Amino acid sequence: MQNFPQYYLVNNCSTGKPASIADSMMRPFMKIMEEEPERVTFLRDPFVIFANDHVRLRVLTGVLAGQEGYVVRILKKRQLVMDFGGYAVAISNVHNEDFEIAE
């Protein structure tokens, strides 16, 4: 903080170490945040909780093509829950996208 006060490190909540987010994941997230920030919800529960009783899917179409996560019903809407630096992030309006099972 002394050398770079304008920058903040965010820790991965599962490892406790500084979060590392791949550019291939960050760019689609930034695009959604710029164009439709209301689609993004940061969840309080860790990402691993959503693995129970859900199948891991890979998005094939749209801005999030190539991203993986779980489609979960949150507040009566189907949302894609993704691991984003150890935090669970839900993206709404994914009902028109195509998915495949990620192995």
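The following legends describe close-up views of a predicted model.

Residues are numbered from 1 along each chain as its sequence is written. Because the model is predicted, local features are given at pLDDT of at least 70 and side-chain atom pairs at pLDDT 80 or more, whereas totals for chains, interfaces and linings use all residues; side-chain values rest on heavy atoms, without hydrogens and water.

**View 1. Overall arrangement of the protein chain.**
The protein chain contains one helix and six strands, which follow the pattern α-β-β-β-β-β-β along the sequence. Helices (H or I, at least four residues) and strands (E, at least two) are DSSP runs, numbered from the N terminus. Of the 103 residues, 32% count as buried; buried means under 20% relative accessible area, exposed over 50%, and partly exposed in between, with a 1.4 Å probe and protein chains only. Among contacts with a separation of 6 or more, 53% are between residues 24 or more positions apart. Contact means heavy atoms within 4.5 Å.

**View 2**
The strands form an open sheet in the order β1-β5-β4-β3-β2-β6, with antiparallel pairing. Its edge strands are β1 (40-46) and β6 (99-101), each of which pairs on one side only. On average, neighbouring strands of this sheet are turned by 45° against each other, direction ignored. Two strands are taken to pair if DSSP finds at least two bridges between them. Helix α1 (residues 23-35) lies across β1, β4 (77-84) and β5 (87-91), and runs at about 135° to β4. Axes are lines fitted to C-alpha atoms, for helices over the stretch in contact, and angles run from 0 to 180 degrees between N-to-C directions.

**View 2. Strand β2 between its two partners.**
Strand β2 (residues 56-59) is joined to β6 by antiparallel pairing over three bridges. Within this pairing, R58 has E100 as its bridge partner, and V59 has F99. With strand β3 (residues 68-74), β2 also pairs in the antiparallel sense over three bridges. Here the bridge partner of L57 is G69, and that of R56 is Y70. In a regular strand the side chains alternate between the two faces of the sheet. In β2, L57 and V59 form the covered face, and R56 and R58 the uncovered one.

**View 3. V71 in the enclosed strand β3.**
Five of the seven residues of β3 are buried, so the strand is largely enclosed by the rest of the structure. V71 has its place in this strand and is buried, with a relative accessible area of 17%. Beyond its neighbours within four places in sequence, V71 is in contact with H54, L57, R78, Q79, L80 and F99. The C-alpha atoms of V71 and H95 are separated by 9.3 Å, the two residues being 24 residues apart along the chain.

**View 5**
Strands β3 and β4 pair in the antiparallel sense over five bridges, and R73 stands opposite R78 in β4. The hairpin has two residues between the strands, and L75 takes a positive phi near 50°. K76, in the loop between β3 and β4, has a positive phi near 70° and is exposed, with a relative accessible area of 78%. Most residues other than glycine have a negative phi. Another non-glycine residue with a positive phi is D53, at about 65°. D53 lies in the loop between β1 and β2 and counts as exposed at 80% relative accessibility.

The largest pocket has a volume of about 160 Å³. On a 1 Å grid over the protein atoms alone, a cavity is a set of points where a 1.4 Å probe fits but cannot get out, and a pocket is an open set with protein on both sides within 12 Å along at least five of seven lines; lining residues have an atom within 4 Å of a point. Grid points are joined across faces, edges and corners, and a volume is the space filled by probe spheres set on the points. Eleven residues line the pocket, with V10, A19, I21, F84 and G85 nearest its centre. The lining divides into nine nonpolar, two polar and no charged residues. Ala, Val, Leu, Ile, Met, Phe, Trp, Tyr, Cys and Pro count as nonpolar, Asp, Glu, Lys and Arg as charged, and the others, Gly among them, as polar. G85 is found in the loop between β4 and β5 and is buried, with a relative accessible area of 10%. The C-alpha atoms of G85 and N11 are separated by 7.6 Å, although these residues are 74 residues apart along the chain.
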